[in-house]
Amino acid sequence: MSARSLGEVEALVRKAARGAGRSWGMAEEAGRAARWLETYGLPGGALAAALLEETDGVDQAALMPRPDEAGAWRPAGGGGMCPIAAGAALSDMAAIQPGELRLGPVLWPLMMLPHLAQSARQCGRPLRLICDGLPLEVTGAGAPLPPPAGVLAADRAGEVLCRAADATAAAPLERRFRADAAAEVIVRLETLAARIYAPETPERRLSGAGAGLTDND
Amino acid sequence: MTARPAPTDAIAPRPPATVMRLARLGSFHQTRLSFMRVLLRRLAAENWRFERRAFAIDARGVGEAVYTMHGPARSYSLIVFAHDLPPERRSDRMIATAWDATFTLFDGVPGAGDIARLRANVPRQEAGRVSASELSVSRANRSVRLFDHVLEALCAGRQPDPAQVDAVGYLMRTTAVYGSGKLGAADREAIEERPEFAPPFQPEMLSVWLTRAFVMDLIEEMARQRAPGQAVALEPALRRRFGIGNSTGLGLAPFLLSHPILFNNWIAAREEALARVRNLPDADSQDRAALAELVARARAYVALWRSDHPVQRQRIARLSADLDRLAAHLTRAPLAGARPWNRLWLWAEESLSEEGQECLLSLFIEPHGDLVDDLAATMSARESEGFAIDGAMTVGRLRAILEDVYGWALAIDWTAPEAQARAWYVSAAKLEPRLGERRETALEAYEQPLAPGRDAALAWAALADAPAASPVATFLMRHPEHRHILRRAQIAARHPYAEIRDNTIAADLMPIDMLRAKLSFFGAGHFDPRSDRWVRINMFRGAPFPHELHDMPADDWAWPPAEGGQ
């Protein structure tokens with residue numbers, strides 16, 4: 001394991017998400033989400049790498065949630081929903097979403113947890129996602145309870161139910177200031193991120209600051 | 001902020017439409033709210049103690065050193081690795097791979113194991129890794145011209161020529177100072193609750209201030225070893241005329257755009273400070289004398305300001321003329337009557353260039369520490385607190401925000417070639433931010449989100465078909481491509497100075513305006529643009545060194561003594 005700063009993981013995931021075809025605004029959500037997970041000792045970097053590789057090249061529009069006649073959110077493209085897009089939409093709706101919401105299928109459901117926490121902070125009450133029967137829960141202050149092993153590694157959840165939770169006596173995970181992304185995960189994210197860098201040309205080289213000038217003065 | 005009873009006709013801070021223009025931001029000067037001044041005031045007030053824990057430098061200037069500041073609760077150490085760099089490898093650019101000296105600011109007092117670990121990483125800069133025990137990583141290169149002159153003089157047993165010292169102003173310039181989680185260093189959120197790091201960029205400023213001290217010790221030590229028995233040390237007053245240089249490229253410009261709440265808080269503090277002084281009911285003879293002296297000191301500052309850049313030369317000349325005009329005006333119409341500061345300010349708005357007006361702002365707040373220094377505590381920000389989008393906002397309200405904050409951008413014809421002439425991108429070669437010509441180099445696919453005006457105009461057009469009463473959340477579910485700019489717009493609605501109100505990809509953009517705005521908040525002076533996208537500056541010129549911090553006024557150095565005075 002290589003100890004990264006939280007800022008490094010956030011920036012790398014943001015770039016990787018952009019490299020995998022997300023809009024800048026959605027890429028920012030992905031970076032924040034990965035950072036938040038790492039803050040609580042959860043594998044934000046590894047999940048982001050898996051999600052972005054799986055959805056690499058898929059049109060972002062197809063990964064967005066789309067409400068059906070019954071008000072449930074389904075993937076616009078028919079495959080799986082991006083958990084970042086679904087989470088961001090949940091957070092956007094935090095103040096106006098009435099009662100329960102059904103959604104799914106969702107890829108890598110643990111990646112919805114950061115946005116669930118953001119929603120909980122906005123409404124000031126504990127929230128719960130039930131992913132194929134397994135609960136993901138955050139306190140009203142937006143701290144996560146330890147997720148069950150079944151969701152931690154799940155690559156998809158067929159049916160997710162989002163609703164208010166009762167206040168719990170269970171202790172939330174503790175915050176820390178370091179990320180633990182494996183070197184192998186960093187390399188995979190860097191591969192996606194590298195796509196957003198413009199390849200060098202002589203002309204471009206000259207557009208950097210101070211190009212072609214002497215500094216021996 | 002202190003609650004001062006405000007009269008009902010209180011003068012408000014200047015509106016963002018006035019302040020947030022690039023030409024004005026590019027005219028900012030350091031103020032007493034600048035971060036290096038905030039740092040030195042704290043170190044002096046809290047009686048921080050300096051210790052040179054290690055210093056082993058040879059006659060070529062190669063070796064290592066540890067400079068530690070001990071505060072009331074914690075200590076911080078600058079660890080230095082000094083090298084002997086052949087001239088052909090000396091480059092201020094991000095793409096350099098070797099430097100005259102490399103540094104890290106260590107959280108505490110390092111042990112031998114820490115230093116061994118850092119010796120293997122810090123000299124490699126971007127190619128190395130540091131840990132949560134490090135707060136910054138930086139490097140510096142010699143200003144060869146002045147370095148050689150000073151070394152030669154000291155070896156010969158005489159003081160260097162003050163004119164040559166003033167012409168350059170420093171022996172080394174830093175070419176990058178990484179903080180806040182970069183290269184594996186501690187994240188800001190891990191240290192932001194320490195009182196000494198509550199204001200922005202305090203670890204970076206501490207690192208740079210200790211670097212200046214090291215560089216002066218370095219050259220004196222080299223002279224001592226080269227000419228034992230004959231070499232002299234620098235005379236203390238002349239020694240303080242050396243600052244530490246910095247060479248800054250495009251990397252700083254994206255920072256202002258990617259930290260809108262932080263930038264808002266910097267500007268809001270500065271504007272509030274100006275408004276407080278403008279609202280003062282009267283002025284006495286002491287105020288008049290203080291302002292007159294400050295104008296004289298500002299003239300001495302301008303007299304020391306060198307630049308070969310044609311635009312900056314013109315601006316320095318105008319500023320010089322502005323200060324002459326200001327001095328003459330103060331003789332004719334001294335601060336008197338009701339709200340005398342405001343009366344002078346209104347005169348300045350009519351009579352002075354933007355350089356002159358912004359310089360006057362610095363001079364206005366300079367003698368009013370008791371009135372404005374509390375604002376330093378408002379200049380930090382947690383950018384994450386503006387991150388969540390309010391999806392319940394109606395499309396109608398969002399449109400009104402776009403029209404208010406980005407009205408200037410909605411008036412631009414974005415299909416005109418000059419409107420989108422440039423694109424910000426990151427190079428694959430060295431991951432440095434660059435600004436390229438969009439059409440000539442096919443950069444579209446690599447463009448960074450650093451054109452809020454253009455993006456706001458696109459979002460505004462896309463919103464035309466959405467029902468005014470519908471929530472933004474519904475729009476965003478169908479339009480994830482506008483998520484970035486709608487977040488910015490909501491931030492700007494809550495933070496009036498968050499957004500620069502000019503086109504950041506225009507054909508005539510001068511990126512140095514953005515660099516100068518940021519560097520002025522650090523406390524830098526003597527801005528010397530080397531092109532439209534690269535600037536050299538001087539930091540801590542005139543400031544006390546760590547060993548003399550408690551023997552002289554800690555915060556009376558930013559304006560040099562008036563000519564003829566000392």
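Reply: Start with a term. Helices here are DSSP runs of H or I with at least four residues, strands are DSSP runs of E with at least two, and both are numbered from the N terminus. By that count, chain B holds 23 helices and 11 strands. Keep in mind that this is a predicted model.

Now the close look. Strand β5 of chain B covers residues 134–142. Is it buried or exposed? Mostly covered: 9 of its 9 residues are buried. A residue counts as buried when 20 or more other C-beta atoms lie within 10 Å of its own.

Next, the partners. Strand β4 of chain B, residues 101–107, runs antiparallel to β5(B). The two are joined by 6 bridges. In this pairing, Phe106(B) stands opposite Glu134(B) of β5(B). Strand β6 of chain B, residues 170–179, also pairs with β5(B). That pairing is antiparallel too and runs over 7 bridges. Here Asn141(B) faces a residue of β6(B): it stands opposite Arg173(B).

Step back to the chain. Chain B has 566 residues, and 50% of them count as buried. Its C-alpha trace spans about 85 × 60 × 45 Å along the principal axes. How does its radius of gyration fit a compact globule? A compact globule of 566 residues would come near 24 Å; chain B has 24 Å, so the two agree.

Note on methods:
Residues are numbered from 1 along each chain as its sequence is written. Chains are lettered from A and ligands numbered from 1 in the order in which they are written. This is a predicted model: local features need pLDDT of at least 70, side-chain atom pairs count only at pLDDT 80 or more; totals for chains, interfaces and linings use all residues. A residue is buried if 20 or more other C-beta atoms lie within 10 Å of its own, exposed if 12 or fewer, and partly exposed in between; C-beta atoms are placed from the backbone. Two strands pair if DSSP finds at least two bridges between them. The radius of gyration is taken over C-alpha atoms; the globule rule is 2.2 Å times the number of residues to the power 0.38.
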